[in-house]
Amino acid sequence: MRNRVSVVGAGSWGTAFTLLLFRQGFSPRLWVREKEIYESILRQRVNDVFLSGFVIPAEVLPVQDLAAAVDPAEVIYVAVPSRFCRQVFSEMASYLKPGQVVVSLTKGIEEGSLMRMTEVMAELFPPEVELAVLSGPSFAREVAAGLPTAVVCASRTPEVAGRIQRDLSGLNFRVYTSEDVIGVELAGAVKNVIAIAAGISDGLSLGHNARASLITRGLFEIAKLGLKLGARQETFFGLAGIGDLVLTCTGHLSRNYQVGRQLGQKKNLAEILAGMRMVAEGVSTAISVNQLALREKVEMPICQEVYQVLYENKDPLSSLVDLMSRTLKPEGLTAPSAGE
C-alpha cells in the first residue's frame with residue numbers, strides 16, 4: 001500500500017519530506033510533538049512555525065500519538081534533532097516490528113556517547129528492524145517547493161537502500177544508493193561544523209578565496225575522521241560529502257552558516273541561538289567532533305577552532321591567525337587509509 005509510510009518529526013525537514021512523499025504518491029502520517037503545530041496542520045493545513053508558505057495536503061495525517069505513526073508503517077523516516085533522538089527512539093522501540101524500515105534523516109552525532117544516529121537506533125531497536133540513512137545537499141524549503149535535488153541513501157542491506165531509492169525518486173528528487181552508512185552519516189554531521197567556519201569567514205568579510213579554502217580543507221578533515229572510523233573515501237567526494245558541504249557552506253538558507261556569519265559579526269552565541277526556533281546541528285556537533293578527533297587522534301584544526309570560538313570564547317580573528325600560521329606542510333589530498 002502506498003500509504004504505509006510515516007515521518008517522525010514536524011520541523012522544517014520533516015514537513016518538507018512529508019510533502020515529497022505526497023508527491024511520490026504516498027499518504028503519509030506525520031508525527032508532531034508540539035500541540036500548536038499539530039492543531040495548525042490539522043485545521044489550517046500549514047506549519048507556519050517551521051515551514052511557512054506551503055500547504056500540507058489533506059492526504060497527510062498529522063498525529064500526536066507516536067504509536068499511531070510507527071505501528072502501521074512499513075517505512076518510518078525520522079527527522080528529529082540529534083539531541084532528542086535517543087528519547088524518541090526509546091519511545092518508538094516498543095512499537096516497532098520485524099521487517100519495518102527506519103530511515104534517519106538527522107545530521108548529527110550524539111553528545112556523550114559520540115554515536116551516529118543509526119548506532120543509537122541499533123542499540124535501542126529490535127534487531128529485526130532494518131536501518132538506513134538519507135543525506136545529501138537538500139535544503140528543506142527547496143525540497144518542499146519541488147526543486148531538483150539529489151541525495152544518497154545508505155544501508156548495510158542493499159535491498160533496503162534500493163527500496164528507498166525507488167520510493168523517493170522522481171523527476172525532481174533523485175536518490176543514489178550506498179552501503180557506506182558510516183561515511184554518509186559522518187559527512188552529514190561534520191559538514192555542519194565546517195559550515196559554521198565558512199559563515200564566520202564571511203562574517204569577517206574574508207572573501208571567496210578564504211571560504212573556498214575552508215571548504216576544501218574542511219572536506220579533508222571530514223575524510224580523515226571518516227576513514228579512521230571505517231568509512232569509504234569515495235563517499236566524501238559524493239553527494240553526502242562534497243555535495244552537502246558546498247551547499248551548507250555557501251547557501252544562505254543554511255542555519256549553521258548563518259550562526260557562523262553572526263559570530264563573525266561579533267554577535268554572542270547565546271543571543272544568536274535565542275533568536276532561532278530551528279536547530280543548528282553544528283553547534284552541538286562541534287562538541288562531539290572535537291571529542292571524536294581527540295579520541296581517534298585525528299588532527300582537525302578547522303573543527304577545533306570552531307569549537308574554541310563556540311565554547312571557549314576565542315576571538316574569530318585569532319582563530320584565523322592560528323589557522324594561517326600553522327606549520328607549513330604538503331597538501332596531502334590523499335587521506336590516510338582506515339586504521340592509519
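## Salt bridges

The count of salt bridges comes to 18, a salt bridge being a side-chain nitrogen of Lys or Arg within 4 Å of a carboxyl oxygen of Asp or Glu. The model is predicted: local features need pLDDT of at least 70, side-chain atom pairs count only at pLDDT 80 or more, and totals for chains, interfaces and linings use all residues. Residues are numbered from 1 along each chain as its sequence is written, and side-chain values use heavy atoms, with hydrogens and water left out.

Arg116 and Glu185 form a salt bridge, with N to O at 2.6 Å. This pair links distant parts of the chain, since Arg116 is in the loop between β5 and α5 (117–124) and Glu185 is in helix α8, 69 residues apart. Helices (H or I, at least four residues) and strands (E, at least two) are DSSP runs, numbered from the N terminus. Both Arg116 and Glu185 are buried; buried means under 20% relative accessible area, exposed over 50%, and partly exposed in between (1.4 Å probe, protein chains only).

The closest N and O atoms of the salt bridge between Arg163 and Asp167 are 3.9 Å apart. Both residues lie in helix α7 (residues 158–168), four residues apart, about one turn of the helix. Arg163 is partly exposed at 26% relative accessible area, whereas Asp167 is buried at 13%. In Glu299 and Lys329, which also form a salt bridge, the closest N and O atoms are 3.6 Å apart. Glu299 is in the loop between α13 and α14 and Lys329 in the segment after α15, so this pair ties together parts 30 residues apart in sequence. Glu299 is partly exposed at 44% relative accessibility, and Lys329 is partly exposed at 47%.

## A buried arginine without a salt bridge

Arg45 is placed in the loop between α2 (35–44) and β3 (61–63). Arg45 is buried but has no salt bridge, and Glu59, the nearest side chain of opposite charge, is 6.8 Å away. For charge, Lys and Arg count as positive and Asp and Glu as negative, while His and the chain ends are not counted.

Apart from neighbours within four places in sequence, Arg45 is in contact (heavy atoms within 4.5 Å) with Ser40, Phe54, Val55, Ile56, Pro57, Ala58, Val60 and Pro62.

## Aromatic pairs

There are four aromatic pairs in the structure. Among them, Trp13 and Phe17 have ring centres 5.5 Å apart and planes at 75°, so the pair is edge-to-face. Rings of Phe, Tyr and Trp (its six-membered ring) pair if their centres lie within 6.5 Å; planes under 30 degrees apart count as stacked, over 60 as edge-to-face and the rest as tilted. Trp13 and Phe17 are both in helix α1 (residues 12–23), four residues apart, about one turn of the helix. Trp13 is buried at 16% relative accessibility, and Phe17 is buried at 0%.

Tyr307 and Tyr311 have ring centres 5.5 Å apart and planes at 40°, so this pair is tilted. Helix α14 (residues 301–311) holds both, four residues apart, about one turn of the helix. Tyr307 is buried at 19% relative accessible area, whereas Tyr311 is partly exposed at 32%. Trp13, Phe17 and Tyr77 make up one aromatic cluster.

## Nonpolar cores

The largest nonpolar core has 48 residues, of which Val190, Leu263 and Met300 touch the most other members. Such a core is a set of buried Ala, Val, Leu, Ile, Met, Phe, Trp, Tyr and Cys residues joined through side-chain atoms within 4.5 Å. Elements giving two or more residues to this core include β7 (149–154), α9 (208–228) and α13 (281–296). The most, 14 residues, come from α8. Leaving aside neighbours within four places in sequence, Met300 is in contact with Val190, Glu221, Leu225, Val289 and Ala293. A second, separate core of 38 residues includes Phe54, Ala132, Leu134 and Val143.

## Strands

Strand β6 (residues 130–135) has five of its six residues buried, so the strand is largely enclosed by the rest of the structure. Strands β5 (residues 101–104) and β6 run parallel and are joined by four bridges; two strands pair if DSSP finds at least two bridges between them. Val101 stands opposite Glu130 in β6.

Val175, in strand β8 (residues 173–178), is buried at 3% relative accessibility. Beyond neighbours within four places in sequence, Val175 is in contact with Leu134, Val151, Cys153, Gln165, Leu168 and Ser169.
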